[in-house]
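Me: I'm new to this structure and would like a close look at a single part. Could you walk me through a helix pair and then what lies around it?

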Amino acid sequence: MPYDMFASLSDEKKEEFAKAVGIDKAKFDKLFYSDKPSLIISGTSLAGEQNGFEKVVKQIVKDFGDTYKLFFKPHPAFDPVSHGELVKLKRKEFLDSLGITLLPAQLPMEALMWAYPEVKIGGYSSTLYMSTSKEQTVFFIANSPDDLIAPLNELYQMGHFGDAKFYKINPDSEQEPEPNPNPEPNPNPEPNPSPNPIPSPAPIPVPGSNNGKVITTQDILSQDGESIVLEADSKGQVAFPTHVVKTILDNKKSVNISFGDVTVTLTDEWWHYAQSLLGTDGSQLQFGVAPISSDDADKLLNTVNARTPQANMQNAGGIFKIDLSILGNGGKETKITTLDKPIVITLPVGEGINRNLTGIYIVSDNGDAQYVGGKVTEEGIQTVINKIGNFAVLNYNKTFVDVNGSHWADEAIQSLAAKHILKGTGSNTFTPEARVSRAEFAAVLVRLLGPENEGNLSHPFVDIGTDKWYAPEVAIAYNTGLIKGVSSEQFAPDASLTREEVAVMIARLYHKLNGTVPARSAQTNLTDMEDISSWARNDVEAVIALNIMQGDGTAFRPKGSITRAEIAQVIHNFLQLK
């Protein structure tokens, strides 16, 4: 097909071609990229347009006018502005009265449709439609597919025109017959059987119809800087046509979409992924974000708590349904549920909420709630997601019978339990004075890294069986450089950690997450600094300088083991710096 050949050209060659045939991209970008997608009605000869033209156009406006911005492209020899007969018929005034924009009669239509594959077209049977992309044509002014000239009828059978509508041609003389003032009776009337009405075809779903605010090129280019802010419509819907996604990528933009209380942030890398989903056929990327009703939120939260009896989970900001889909240029909608590239969401946090216990969860209809993170900012609570669904801001209040409000590490333990970084040793016990093993701390480090660091699960340790619960975490911690073995083949998963070992791993984590080596200070009142191993000295001084770890007031105890309560406090202090 001609369009396929054009589509295979480089962007540079396409621009050169458009310029050579007289298509002013700047002019037509302004015309076609508005708050609605565009549809061109293509004209024909004067004789053809006298066959019920105005009645058909009125019906086209009725069917498509709410969805599309409408244009009329005249036949090159029959310009309504200059052709005598059409001027007498006031054809231009007729089009103006319907809100249809008149395009230049000499416009090279094939080239225009190639340059703007997202712009739809329809009209009289013509070889012009051989040059359109698949499903770019949305209607024909013809009685049926059989009346299309060859090879359009064959292309229709092959599905090239999708579900294009057909507008029957009725000559003007037959549409409104003159009344007979003296009708003569028919002595032998033929019975008039009840007609079998031909049902009108169902309306074709089209990009931009009831799918929210359609973002235009001008929306992107009107904002300076690498990051721009866009707003969805009042229903929390927004759509990005293929050409707009290309504009975002060409200008290396990061986009923040405001859905009322919710913000979705999409990076340049994510837009490359979105472009791969859309292809080049004039599809649209659609986002929807809306809060679920308070009644539905209460019911869902009751189901969540029924499935999580070991903790009390409370609504801390709302539950929001996030939708993402691709709407093809023929109206087919494809729901996206998982993402190859993550997006960032920022959700609101209610007043008077204990933010240390607040997180974001993806919640299924059966009440299964999976923690997906949550960093509290001035704007709300933010996290990175790679799935689409219902997202809830919840407080997770976990009670341990062996940690009460008077325990010195109670706040840290409760906070880390709510962040699902530290877990209990039983359904309601924490065992705060128990020693922490190397395998347990490897799992904690990986939870702090986040899911984006998951991947390589190979490791050299012969004492880490694949059936052990901590095997994936040890592999990830090892491959990200956070933890090493006690030898080239031994990890010693059950061995207790020393305080200086913890200091070294925390310093590595700081460097991994922040990209810098933490500053250190040798000034300290602790009396046993000389007991620190040489390989750990710099890191111990760094974590002390950052107030992540401290001694007991007089000593650091570098060779001493570390308890679960102490680990909780260390991680809690570390998170205050992030």
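Is the crossing of H12 and H13 left-handed or right-handed?

Reply: Before the details, a word on the ground rules. This is a predicted model, where local features need pLDDT of at least 70, side-chain atom pairs count only at pLDDT 80 or more, and totals for chains, interfaces and linings use all residues. Residues are numbered from 1 along each chain as its sequence is written, and side-chain values use heavy atoms, with hydrogens and water left out.

Now to your pair. The crossing of H12 and H13 is left-handed, a label used if the near helix is turned anticlockwise from the far one by less than a right angle, with clockwise giving right-handed. Helices (H or I, at least four residues) and strands (E, at least two) are DSSP runs, numbered from the N terminus. H12 covers residues 242-250 and H13 covers residues 268-278; their axes come within 10 Å and cross at roughly 150 degrees. That makes H12 roughly antiparallel to H13. For reference, axes are lines fitted to C-alpha atoms, for helices over the stretch in contact, and angles run from 0 to 180 degrees between N-to-C directions. Angles under 35 degrees count as roughly parallel, over 145 as roughly antiparallel, 65 to 115 as roughly perpendicular and the rest as oblique.

Who does the touching? On the H12 side, Thr242, Val245, Lys246, Ile248 and Leu249 make the contact, and they meet Asp268, Trp271, His272, Gln275 and Leu278 of H13. Contact here means heavy atoms within 4.5 Å. Sorted by type, the residues where H12 meets H13 come out as five nonpolar, three polar and two charged. In that sorting, Ala, Val, Leu, Ile, Met, Phe, Trp, Tyr, Cys and Pro are nonpolar, Asp, Glu, Lys and Arg are charged, and the others, Gly among them, are polar.

Next, follow the chain on from H12. Lys252 sits in the loop between H12 and strand E10 (254-259), and its phi is near 50 degrees, a positive value in a residue other than glycine. Why point that out? Most residues other than glycine have a negative phi. Lys252 is also exposed, at a relative accessible area of 59%; exposed means over 50%, buried under 20% and partly exposed in between (1.4 Å probe, protein chains only).

Another residue with a positive phi is Ala492, at about 60 degrees although it is not a glycine. You'll find Ala492 in the loop between helix H17 (471-479) and helix H18 (499-514), and at 22% relative accessibility it counts as partly exposed.

Rings of Phe, Tyr and Trp (its six-membered ring) pair if their centres lie within 6.5 Å; planes under 30 degrees apart are stacked, over 60 edge-to-face and the rest tilted. By this rule the count comes to 20 aromatic pairs. One of them joins Trp270 and Phe287, a tilted pair at 5.9 Å centre to centre with 40 degrees between the planes. Trp270 lies in helix H13 and Phe287 in strand E12 (residues 284-291), so the pair ties together parts that are 17 residues apart in sequence. Both Trp270 and Phe287 are buried.

Tyr470 is buried, with a relative accessible area of 6%.
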